[in-house]
Amino acid sequence: MSFIIHYVKQYKLRAFLAPLFKMLEAIFELLVPLVMASIINKGIKSADTHFIIRMSGVLLFLAIAGLLFSITAQYFSAYVAVYSAADIRRDIFEKILSLSQGTKDKIGDEVLTTRITSDVNQIQNGINMVLRLFLRSPFIVVGATIMAFVIDVKSALIFIAAVIVLSLIVFIIMKYTLPRYKTIAARLEKVLHATSENLEGARVLRAFCQVDEEKEAFENKTNNLVQMQLHTGKVSALLNPVTYVVVNIGVVVLIYMASGRVNDGHILQGDVVALVNYMGQILVELIKLANLIVILMKAFPSADRVREIMSMKSDERCQDKLPINSTAIDGAKGSISLKNVSFSYTGGNEMDIENISLDIPAGSTLGIIGGTGSGKSTIIKLLNHTFDATSGVVEIDGQDVRKLTDSYLAYTFGIVPQRASLFSGTIRSNMTMKDVEPSDDEIKTALNIAQALDFVEEKGGLEAEVTAKGSNFSGGQRQRLTIARALIGKPRVLVLDDSSSALDLATEARLKKALEALPWKPTMIIVSQRASSLLSADQIMVLEDGRCVGLGTHKHLLESCPTYSEIYYCQYPREEALGE
Amino acid sequence: MNNMSQSRIMKRVLSELKAYGFKIVLSIICALATVYLTLLIPILTGRAVDCIIDKGQIDYQQLIFILKQMSAAVVATFFTQWIMNRVNNSITFTVTKSLRDRAFSKLQQAKIAEIDSHPHGDFVSRIVSDADTFADGLLMGFTQFFTGVITILGTIYFMVRISWKIALVVIIATPISLLLAKFISERTYKYFGAQAKIKGKETSYIEEIIENKNIVRQMDYEDNALDNFEIMNDDLSEVAMKATFYSSIVNPGTRLINNIIYAAVGVFGAMMAISGGITVGGLTSFLSYATTYAKPFNEISGVITEFQNALACAARLFEMIDAGTEVDDGDRSIDGAKGRIEFKNVYFSYNKDKKLIEDLNIKIDPGQKVAIVGPTGAGKSTIINLLMRFYDIDKGQILIDGIDIKDIDLDNLRSNFGMVLQETWLKNATVKDNLKLANPEATDEEIIEAAKATHAHSFIKRMPYGYDTILSTDGGALSQGQIQLLCITRVMLNIPPMLILDEATSSIDTRTEQKIQSAFNKMMKGRTTFVVAHRLSTIKGADTILFVQDGKVVEQGNHVQLLQKNGFYAKLYRSQRIEN
């Protein structure tokens, strides 16, 4: 809650004026019955047409002034709500960008997207409604009651009774239904999950002939949902009728009481009419208030969820960076060394990477091989400081990687991820993601090396459109584009994380050749499951369960490292390998 | 968006609602009664006011009679309103459920092609939100529209009965109400449309960045991403501001019209009251009609948009419910099949413009192992799609033990194939339930035995609740390799006569793969098996190798034959070895 107030405070004046203007509008509205009463009491009784015309002028004035005030108030509250929400959205987005990979993985992509979209929408709605109604409605309820007191204290007591009874009814019904609305939402969510799970598994489910079971399970879920909806509906369907009865019975009692007061000469006929009007206003506002509470009840959990994200620690990696000048880009050579590096995803005792030490001289090639889950990709993420080593040090050109800024690391590393992913935009926007301002020639050279120039030109050159996720390119083309992207800016270290899987053999061979001939001779780190891709590496690291079980050249490992020879001969049976 | 014309959708909707005929009639009767009773109250109030003339001039007998009438009307309104709400709830919720159930059920028989080619999110949103919008929009819209119109007509009727002259004043103001409602709703509609568009754009940007956060960080692209986001966010705020503002001036606008009518009625009424043309009570009734008169107008204008929206949603749902299903008119059974499979002059393509398989002929003897080989994305899965009848062939025949697969009952056909796919899928259920998919009768012992054979037992045991651990659809904490092991175990529990292994071990590291080899061999023994793989060792031992390129089978034969042929396969085989 307080966190939303913080955002709304940015628009203090408007946030203050909106409810204020709403209240002014309400005052005008509250005056109307009084004017009408005087028309009846004075104008009609004494047949004073001038008075009537004057008073109707007052009514018109009240109407127009009310409109102006209320439109201004609506404008201010819309402004505050929309722009506070925009600020919140922006800040969550920034927050998400700053989260460490580990935190982000823990929360999940879908959750993050929901927070920044629908949760913020709920908050926006909530702010808007609060500014518009939260003061106005109670104000009218209280104001109408006060007006009733002004007219006649004794009759006004009925107002007090009616307001108390009405509030109680609204409260009880809300208390009953609100938690059940939550249950309904949760059950609807289950229906949603069931549907998307079913679609994902369509082939498997049909292969196992699970159609009937799936239908039954789904119908159970919709049944649960409907039961709860009907159950809750029973009570919520009472809200309107009950409040209606209370107010109108209130009117009946009021008229009866007032008739006595008129009989005694305390009030006039017009006053009775005004009292009845005030009673009606109370009903209208209380119903609005009830709706407001429903909206707020949706906004509160959203606010909580958003705050949860906002209060997450930004990247917990070391923030104590070296000043930029001491890490001048030009001086970078691209040598890397790992000293007793261990890492655990969970932070527990069980290490995902265990005590690895390794020197990669600038310009050399390192191959990393190992089974699934052996930690190949994790090592890469430690090198460029995506993750912080739990213990030990990673050094780039002799500098502790933790002290290097992200932008320095971005210049140093060109990384081709396992899963090729592009961003919506153009080829150019994808190629210029790094802040290095490459010339067109530079981009074309990179595309050429990555074997991507042909199809890029076919698609219309650098300005060719790239749709979300690069879905207008084939898997192999996407992969080549990500390789080109990594080459932009001539990074000192080039990392290929199993990144030629979607290429046909001929293209792969050409690519390999081109990469070996890179003029600036970067340090190359090639991760692969296939021994054949790594044969020419200066050194190969063999990983098993996060430990380095072998390090050396292909020849050396074949003789000394059983795991390596096992992998190798398993992929290239002995007789074939020897048959060369 | 859809081909159904509005009148056809409407007809379809009406036929859907036929089953609720009684409830709908009841709802309409209650609505009529509610409107009538509600409109009666101002009249009675007015009459009551007329009994309270002045000090000592109170007609108590008449007053009490009227107040009793009022109480009766109020209590009756309670019941009609309550019943109406309940009935409407019941119609809405059950219609929604029925639509959801039928759409889901249809999905179970939908052509796989349909599921493959259609974004899953769209199906999900049809089943979840379209169903809601339809029921809410249509039924609630209908009620609002209906009661709105009746209220307007009723109000006019009662007003004319009191004084046709003042009624005329109100009726003349009607076009202003309509114009205002139109003005506002057109703008609201326009800006909401624009808002939805920009929101969609922003959301996909958010998704893209979140999904690729790792790359964003590697490229030090955070600031640019934030800049891009801010531009979109500003655009969104601007439009959202307009949309929110315009939608929020509906109420003040209506109030203005009401208040003007109120003032006009006040003047005319008071003037007439002086000349005795109307009583003070009559004026009171009039005034309260005037305050509520304009409200139904903008409700109705809102309803029309909502109604069209609901029809659009209905059309989308009907499209789903009426979609074609898999052809399943075979009735023959191949239980205990020997596994002789023959493709005879088979023609197939995913879309008509792009020819794919043409005149394919394959003969496979029982118990043979068939390897499907080719570059990634070459269409190796097509053959599997055809065998399982996920897609139907265009021409020719596929025979199993001499029976055309089109003559075989679909479930029977599929249950005679055991399938492990590269894209693994798990149900959101316990490990045990997932494994039982293949064989619901499997005992715990059988399950553990199978899991031991596939080396899955050890990691299952280590999970928090062992075999009772609930898995999420994406496998959660499990690695891709572990998920594949679970999928293999699943098939082990009930091994049908024929097997399909589509890169079944692609994520399992080479050593584990070797360890489960004996289980695999036992599984494949005597069974016709289709294997999609990239490892030479797996391929070499196959009885038949199908080399697939660009979706076509370009070569078939065994290893030796294909090497002699010196074609694609020979080239691939050599290139993989030349890398050595």
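**Domains, contact and fold**

Modeller: The domain assignment of chain B gives domain 1 (6–163 + 278–321) and domain 2 (426–495), with bounds that come from an automatic or database domain assignment. This is a predicted model, in which local features need pLDDT of at least 70 and side-chain atom pairs count only at pLDDT 80 or more, while totals for chains, interfaces and linings use all residues. Residues are numbered from 1 along each chain as its sequence is written, and chains are lettered from A and ligands numbered from 1 in the order in which they are written.

Colleague: What distance separates the centres of domain 1 and domain 2 of chain B?

Modeller: The centres are taken over C-alpha atoms. For domain 1 of chain B and domain 2 of chain B, the separation is 52 Å.

Colleague: Which helix of chain A gives the most to the side that touches chain B?

Modeller: Two residues are in contact if their C-beta atoms, placed from the backbone, lie within 7 Å. The contact takes 127 residues from chain A and 122 residues from chain B. With 26 residues, the helix that gives the most to the side of chain A is H3 (residues 49–98).

Colleague: Why is chain A described as more spread out than a compact globule?

Modeller: Chain A has 21 helices and twelve strands; these are DSSP runs, numbered from the N terminus, of at least four residues for helices (H or I) and at least two for strands (E). The radius of gyration is taken over C-alpha atoms, and the globule rule is 2.2 Å times the number of residues to the power 0.38. For 580 residues that rule gives 25 Å, so chain A is more spread out than a compact globule, its radius of gyration being 36 Å.

Colleague: How far apart are the end C-alpha atoms of helix H18 of chain B?

Modeller: The expected span of a helix is 1.5 Å times one less than its number of residues. The 13 residues of H18(B), 480–492, should therefore span 18 Å, which agrees with the distance between the end C-alpha atoms, 19 Å.

Colleague: Which residue of strand E10 of chain A is the bridge partner of Asp497(A)?

Modeller: Two strands pair if DSSP finds at least two bridges between them. Strand E9 (residues 493–497) of chain A has four of its five residues buried, and E9(A) pairs in the parallel sense with E10(A) (residues 523–528) over five bridges. The bridge partner of Asp497(A) in E10(A) is Val527(A).

Colleague: Where is Asp397(A) found, and is Asp397(A) buried or partly exposed?

Modeller: Phi of Asp397(A) is near 45°, a positive value in a residue other than glycine. Asp397(A) is found in the loop between strand E4 (391–396) and strand E5 (399–400) of chain A. Asp397(A) has 17 C-beta neighbours inside 10 Å and therefore counts as partly exposed.

Methods: Buried ≥ 20, exposed ≤ 12 C-beta atoms within 10 Å, placed from the backbone.
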